[in-house]
Amino acid sequence: MFNLILSTMSIFTACLAFFVTEAFSQTVPDSVHALVVYACDADDHYRFPQQGMRDSLYSRISSFYKTMSYGKHILSFEEVHDNGRYFVSDHPADYYRNHYDRKRHVRGFGMFNEEILNKVKARHGDAVFQSVDIVIVVGTDAGPDWYVRRANATGFGMLGCDFAGGGKLFKRGQRQGGLTFEMGSDVGTSNPDDDILLKLADIHWTMAHEYGHWLGLGHRSNNLGIYSLMTLRRQAVKGTPQFGPAPLDPFHIMTLGWLNEDDSSRVLAFSVDSMDKQVVLKQLRSLTGHVLARVDLPNQREHIYFSFHRHNDNAFDNVYLDQGLLIWQKKGVRLKLLRRLDETADHQLIHTRQGKLEVSKIRVLNDKIVFRVRQISR
Ligand SMILES: [Zn+2]
């Protein structure tokens, strides 16, 4: 799996996470309070990111999860730093790089985090961790091999060390104490270069993605492209000035409990018996009405879903290049994006194990998409 992640081109952002498995559904708290800790290695000389940049990171990620959860999930932040600078570790990056303490099962970045969090405790007191649900350590770019051997990544969905603070234990593993991610190398400079938007977008993507792991989400196949935040690598869409985190796909939204598949006011389900149906869907982020349609085929393990994505609905859906109908196939736990259709697509055939479905007469009417689905054969 690691050879997939060797690219260091800035247009890609990669995330590594061990043991990425995903429960069928998660219990996600309505509100989460995060403590963001800024830290760097002894040999790092990156400038500390300006207040405006830090504030925009927090407000963007909060707004992202508020939007994706239909207003159900509120993420708030507070930050600690060393008087307007990073907390600095006792050793250079090479000391931690790839280090593995077999006795305690702590990797280099976990050792780094442990050391930094102890410095935070010494500086601000144990009470700083009291009202905190998650610790997010934001480091600088420590280069390849930092998290795991022979791979480069911009973040990790875990803390990597057990840390006791504020009367609780922040655990090392995924979905537990926290997460770790990197700022790009030029972040915080007062002379942003042409790539600064790309780097900011990368940072926003990484934080949103790693937080997704903390909530309990695993990786998606890259087949889902920009239609899922949890693909292993994000491929930025060049030329879109405001790109950043790709939205969560509708199935992860259901996994997190923000959309209920059994709620017939939100998910429209119909079977082959009623095939030749006109379907009306509201855009995926709509707070009311049907936002997802499911075709129940005789084979219970295979389902076809439809959703309507528009690029201009909010600050996050604008990573999509245009608007249209997305057609998803779910076989057991395997999810695939079969087709993306706009109004110019006429009479599209969708092949399933049970035969063919025809999708036709696609029309977009403001915040709705209307189309017909008909079964061609079994
Ligand atoms: Zn990941």
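1. Strand β7 (residues 134-139) is joined to β11 by 5 bridges, and the two strands run parallel; strands here are DSSP runs of E with at least two residues, helices are runs of H or I with at least four residues, and both are numbered from the N terminus. Two strands count as paired if DSSP finds at least two bridges between them. Within this pairing, V137 has T180 of β11 as its bridge partner, while V138 is partnered with F181 of β11.

2. Please keep in mind that this is a predicted model, in which local features need pLDDT of at least 70 and side-chain atom pairs count only at pLDDT 80 or more, whereas totals for chains, interfaces and linings use all residues. Residues are numbered from 1 along each chain as its sequence is written.

3. Strand β7 also pairs with strand β2 (residues 31-40), to which 5 bridges join it in a parallel arrangement, and the bridge partner of A34 in β7 is I134. Strand β11 is joined in turn to strand β8 (residues 155-156) by 2 bridges, and these two run antiparallel, with G155 standing opposite F181.

4. Are the residues of β7 buried or exposed? A residue is called buried if 20 or more other C-beta atoms, placed from the backbone, lie within 10 Å of its own, exposed if 12 or fewer do, and partly exposed in between. By this count 6 of the 6 residues of β7 are buried, so the strand is largely enclosed by the rest of the structure. Both of its faces are covered, with I134, I136 and V138 on one side and V135, V137 and G139 on the other.

5. Leaving aside neighbours within four places in sequence, I136 is in contact (C-beta atoms, placed from the backbone, within 7 Å) with A34, L35, V36, V37, G178 and L179.

6. Which residues of helix α1 are buried? They are R54, L57, I61, F64, Y65 and M68. An α-helix has 3.6 residues a turn, so residues three or four places apart point the same way. The face turned away from the buried side of α1 carries the exposed residues Q51, G52 and S59.

7. G216 lies in the loop between α4 and β12 (233-235), and because it has 19 C-beta neighbours inside 10 Å, G216 counts as partly exposed. The C-alpha atoms of G216 and L256 are separated by 8.0 Å, although these residues are 40 apart along the chain.

Terms used:
Contact = placed C-beta atoms within 7 Å.
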